[in-house]
Amino acid sequence: MKKNWMSVTLLLAGIYNIIWGTWVVLLPHQVFNLTGTSLPKYPEFWQCIGMIVAVYGLGYILAAKSPLKHWPITLVGFLGKIFGPIGFVQAISNDVFPLSFGWNIIFNDLIWWIPFGLILMKAYHYHLPKKKKLRTVLQDEFSNFPDRKRAAFINSLTGLKSVHLVGTQDDEGNTNLSIVSSVFHLGASPALIGFIVRPDSARRDTLNNIRSNKHFTLNHIHEEILENSHQTSARYPQEQSEFNACELSVQTLNDFPAPFVEESRLKYSLELVREEKLEENGTHLIIAKVTGVYLPEGAISDSGAIDYEMINPIAACGLDAYYEAFKLGRLSYAKPEKRPYWL
Ligand SMILES: Cc1cc2nc3c(=O)[nH]c(=O)nc-3n(C[C@H](O)[C@H](O)[C@H](O)COP(=O)(O)O)c2cc1C
């Protein structure tokens, strides 16, 4: 989980709700005794409130995973935290509750107004359609950006891409793993995949292993192994396997002579077809044939396409930004005189 202030707020709110709710369910009279409030006739209703508060707590904890995406949970909680105190003020003015009962209101509601309000404001701005003035960046300008800025700008230009771990093995059986985002589909029949390896001006273990072994694996990355996967891009010594260094497990499937990543949910084996050095920048285009695919049971939809909702892969932009991807739906086959429709 990404630990930003919004996630921390929702986690704390969730834990608080679960503790408070459980207390009220298990010891319904105690709040009334402590605050000198007369006991309700049916404590079961009060326990029911405790149960709802605790269940909300679970909602906050789940929302903490991605607060901007799960803003409706925060909104519903926020509304409860607004209406609760309004009801309390009314109850005070009708002499139903003593003021001392207000401790509950302070900790259950008031202290959360600002952080919940800020999360909702941030979510609002995040989801607002973005219409900004057009900014033109011509070659003259971006080629004069400082080196790192220019690289980050151009690297992120092609947007969100799938990220894989390339699993390889050298002639001595030493395994190697590296993260790549340049993997692309080359054709379905034959089943060909391509990806780009940086120029071999420095030592390139992945490239060397593919050259000598001719076989390698591609393993999709999901959130739980994202940090470990990112770490494989560090320059480890040749004799050190990134599997060990980055705490990912080697998996051998079907006696394939290159390692898979056990934690990956969708992985495939490939056989080198051709390597092409691209003259323009010295990078290497690897063209490979898919020889086997390993994925969860049920992940192949009726149409034959892989259901990525079962895989939850991460998308990458440039060399350090990662995104979650959500399916919008499938559109019908496009025909000239017909608007596509959602299937
Ligand atoms: C998100 C991300 C994407 C990357 N994509 C590629 C890529 O497509 N091709 C490449 O050669 N290196 C890419 N890299 C860099 C390699 O992971 C890095 O150079 C790694 O050390 C190579 O390992 P090796 O020497 O074991 O082959 C990427 C790094 C990151 C963080």
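Two strands are taken to pair when DSSP finds at least two bridges between them.

## Domains

The domain assignment divides the chain into domain 1, covering residues 5-127, and domain 2, covering residues 158-324. Taken over C-alpha atoms, the centres of domain 1 and domain 2 are 46 Å apart.

## A helix pair

Helix α1 spans residues 5-26 and helix α3 spans residues 43-63; these helices pack with their axes 7 Å apart, at an angle of about 160°. Angles over 145 degrees count as roughly antiparallel, and α1 and α3 are therefore roughly antiparallel to each other.

The crossing of α1 and α3 is left-handed. The contact of α1 with α3 comprises 18 nonpolar and 7 polar residues, with no charged residues.

## The three-stranded sheet

An open sheet is built from 3 strands in the order β1-β11-β12, and the pairing is antiparallel. Its edge strands are β1 (161-162) and β12 (321-324), each of which pairs on one side only.

Strand β11, residues 314-317, pairs with β1 in the antiparallel sense over 2 bridges. Within this pairing, lysine 161 stands opposite alanine 316 of β11. Cysteine 317 has alanine 321 in β12 as its bridge partner.

β11 and β12 form a hairpin, with 3 residues between the two strands. In the turn, glycine 318 has a positive phi of about 65°.

## Surroundings of the ligand

The shell around the ligand contains 19 residues. Those that come nearest to the ligand are Ser178, Ser182, Asp205, Thr206 and Ser233. Sorted by class, the shell holds 8 nonpolar, 7 polar and 4 charged residues.

Three elements, β3 (175-180), β5 (192-197) and α9 (205-213), each supply at least two residues of this shell. Of the contributing elements, β3 gives the most, with 4 residues.

## Summary

In this predicted model, the assignment gives two domains, 5-127 and 158-324. Helices α1 and α3 are roughly antiparallel and cross in a left-handed manner. Strands β1, β11 and β12 form an open antiparallel sheet, in which β11 and β12 are joined as a hairpin.

Notes:
Residues are numbered from 1 along each chain as its sequence is written. This is a predicted model: local features need pLDDT of at least 70, side-chain atom pairs count only at pLDDT 80 or more; totals for chains, interfaces and linings use all residues. Domain bounds come from an automatic or database domain assignment. A residue is near a molecule or strand if its C-beta atom, placed from the backbone, lies within 6 Å of it. Ala, Val, Leu, Ile, Met, Phe, Trp, Tyr, Cys and Pro count as nonpolar, Asp, Glu, Lys and Arg as charged, and the others, Gly among them, as polar. Axes are lines fitted to C-alpha atoms, for helices over the stretch in contact, and angles run from 0 to 180 degrees between N-to-C directions. Angles under 35 degrees count as roughly parallel, over 145 as roughly antiparallel, 65 to 115 as roughly perpendicular and the rest as oblique. A crossing is left-handed if the near helix is turned anticlockwise from the far one by less than a right angle, and right-handed if clockwise.
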